[in-house]
Amino acid sequence: MPATGDGRAPGAADLPGAHDGAPVGHARTRPATTGTGPATAAPPIPHPRSQPARTAHGTRRPSRPTGGGHAPAPGDGPVDGAAAPLRLLVIEDDASDAQLIKAAVADSGTSIEIHWARGLEQATQLLAQSSPAGRRGRSRGGEFGCVLLDLASPADLPHPSDPSDGLEGLHELLRRAPHIPVVVLTDAAGAELGAAAVAAGAQDFLLKHETDGPLLARALRYAVERKRADESQRRLVEAELRGQENARLQRHLLPTPLLDGAGLSFTRRYRPGRRRALLGGDFYDAVRTDDGTVHVVIGDVCGHGPDEAALGVALRIAWRTLVFAGLTGETLLTTLQHVLEHERRSDEIFATLCMLVIEPGGTTDLDSLGTGERARLYLAGHPAPLLLGRDHAPATLPADQAGPALGLLPCHDGGAAWPAHEVELQPGWRLLLYTDGLIEGRVGAGSRRLGQDGLADLIADHQSAGLTRGRLVDSAIAEVEELNGGALTDDVAVLLLERNPVQLILG
């Protein structure tokens with residue numbers, strides 16, 4: 001953009017407010033009609049088988065009355081309501097260069113509203129005035145859509161961070177206004193500096209003597225779109241990182257059973273009902289204490305949100321802590337209800353629970369396989385487990401002594417009682433514990449639910465087909481979903497506990 005011999009371009013004196021940072025004004029010789037800016041338009045759970053985006057620039061500020069309507073001059077911006085002016089902040093200390101920028105804009109055929117600042121401090125004030133924080137209660141239409149920075153302009157910084165690279169002004173601008181696209185201007189000798197500016201964070205660079213109106217307009221549009229794409233990519237990466245962190249967190253919140261030396265195989269499957277979640281309101285755990293007793297629990301907090309998932313984790317951790325503290329039976333369940341009452345967000349929240357305590361009477365020696373075992377079963381509003389014997393069809397354990405769900409009745413009134421049911425476990429026993437999400441799926445198009453009897457028949461069919469352990473559990477869940485006509489909407493937790501005299505297997 002060459003200047004005249006006296007250092008001033010013809011008409012430089014007509015720049016209104018050129019020395020006080022006031023807007024240079026619209027780049028057209030005649031006002032264009034205000035319009036609307038271009039806008040960019042902003043998975044089901046798989047079956048185991050088988051506001052419009054905001055533009056980077058705001059709306060055009062109302063122009064002053066001109067004394068009547070008129071047809072636009074050739075080269076004026078669109079007047080059909082489809083384009084709003086881009087608010088461009090030019091940081092340029094040379095009035096002649098600023099005038100040439102105005103002339104280039106006028107020749108570009110693009111609706112651009114120019115504002116001029118002589119230095120970075122003045123530009124920062126204008127940016128602050130147009131930012132949402134400085135325009136409380138007003139629309140975002142007053143924001144600048146792009147900044148055009150002349151690298152030759154003094155940075156007017158009291159303590160430049162690196163005055164040797166020629167980009168100290170750009171560095172400071174990006175620090176103060178990180179979300180606004182920036183195009184830099186440099187002379188032909190500074191082409192490498194322009195490339196360094198892009199590497200430092202600018203969206204594009206232009207050579208003064210090679211820049212005309214159309215090229216300037218294209219560079220500004222490119223800068224706005226590239227900044228928008230960069231911001232979208234940044235938000236996507238941040239969302240992916242948050243998702244990975246949440247997945248790791250939820251994965252670590254799932255328990256690792258402590259059954260060393262128990263001689264049991266432990267197969268578990270867990271599927272939350274919420275989409276894109278790894279943790280639901282269902283919970284489970286299994287531990288072996290020093291006296292050889294094996295304790296197993298499975299439970300279900302009512303509801304499906306993150307609050308219920310957090311409460312399920314709290315109950316599981318509390319249960320394990322109480323077991324290792326020596327509590328068991330009704331004493332443990334009463335204490336666990338107190339934990340629930342203090343941790344739940346409302347009095348309507350409750351939790352069902354099934355607890356199994358296998359006494360160390362049975363041995364795991366190969367010479368003692370004929371010895372049966374005894375267990376105590378505690379039910380708090382929860383479905384009873386299935387006993388999968390080798391010589392009989394799956395049978396549901398008795399639930400006649402089941403107590404209420406935790407949190408439904410206060411412990412002090414005597415109504416909340418959870419008596420134990422004694423269970424004889426014959427050699428080679430297998431127990432299937434589950435939450436109600438597995439049995440509440442529909443069967444066909446009607447309203448009939450699978451239920452406990454339906455689950456027992458389904459498991460018997462899969463056992464007769466020779467399926468065991470993980471394959472048995474997976475095939476059962478797959479058929480339940482097939483009968484339901486799709487993925488189950490409730491959380492599902494399934495545990496298959498088996499006497500295994502050789503080694504512990506976690507499925």
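I looked up Arg176 and found it partly exposed, at 31% relative accessibility; here buried means under 20% relative accessible area, exposed over 50%, and partly exposed in between, with a 1.4 Å probe and protein chains only. The model is a predicted one, in which local features need pLDDT of at least 70 and side-chain atom pairs count only at pLDDT 80 or more, while totals for chains, interfaces and linings use all residues. I note also that residues are numbered from 1 along each chain as its sequence is written, and that side-chain values use heavy atoms, with hydrogens and water left out.

Which residue meets Arg176 in a salt bridge? I found that the partner is Glu172, at 2.8 Å from N to O, a salt bridge being a side-chain nitrogen of Lys or Arg within 4 Å of a carboxyl oxygen of Asp or Glu. Glu172 and Arg176 are four residues apart in helix α3, so about one helical turn separates them; helices (H or I, at least four residues) and strands (E, at least two) are DSSP runs, numbered from the N terminus.

I then saw that Glu172 also forms a salt bridge with Arg175, where the closest N and O atoms are 2.5 Å apart. Both residues lie in α3, which spans residues 168–176, and they are three residues apart, about one turn of the helix. Is Glu172 buried or exposed? Glu172 counts as buried because its relative accessibility is 14%, whereas Arg175 is exposed, with a relative accessible area of 58%.

**A pair from distant parts of the chain**

Next I looked up Glu308 and Arg345, which form a salt bridge with their closest N and O atoms 2.5 Å apart. This pair links distant parts of the chain, since Glu308 is in helix α6 and Arg345 is in the loop between α7 (329–343) and β10 (351–358), 37 residues apart. Glu308 counts as buried at 5% relative accessibility, while Arg345 is exposed, with a relative accessible area of 56%.

A search of the whole structure finds 21 salt bridges.

**The largest cavity**

A cavity is a set of points, on a 1 Å grid over the protein atoms alone, where a 1.4 Å probe fits but cannot get out, and its lining residues have an atom within 4 Å of a point. Of the 13 lining residues, the closest to the centre are Leu254, Leu279, Asp282, Phe283 and Val313.

Which element gives the most to this lining? It is α6, with four residues; β8 (282–288) and α6 (306–324) each supply at least two.

**Arg469**

I checked Arg469, which has a positive phi of about 45° although it is not a glycine. Most residues other than glycine have a negative phi. Arg469 lies in helix α9, residues 469–484, and is partly exposed, with a relative accessible area of 28%.

**The whole protein**

Last, I looked up the totals: the protein has nine helices and 17 strands, and buried residues make up 48% of its 507 residues.

Definitions and conventions:
1 Å grid on protein atoms, 1.4 Å probe; cavity = no way out; pocket = protein on both sides within 12 Å on 5 of 7 lines; lining within 4 Å.
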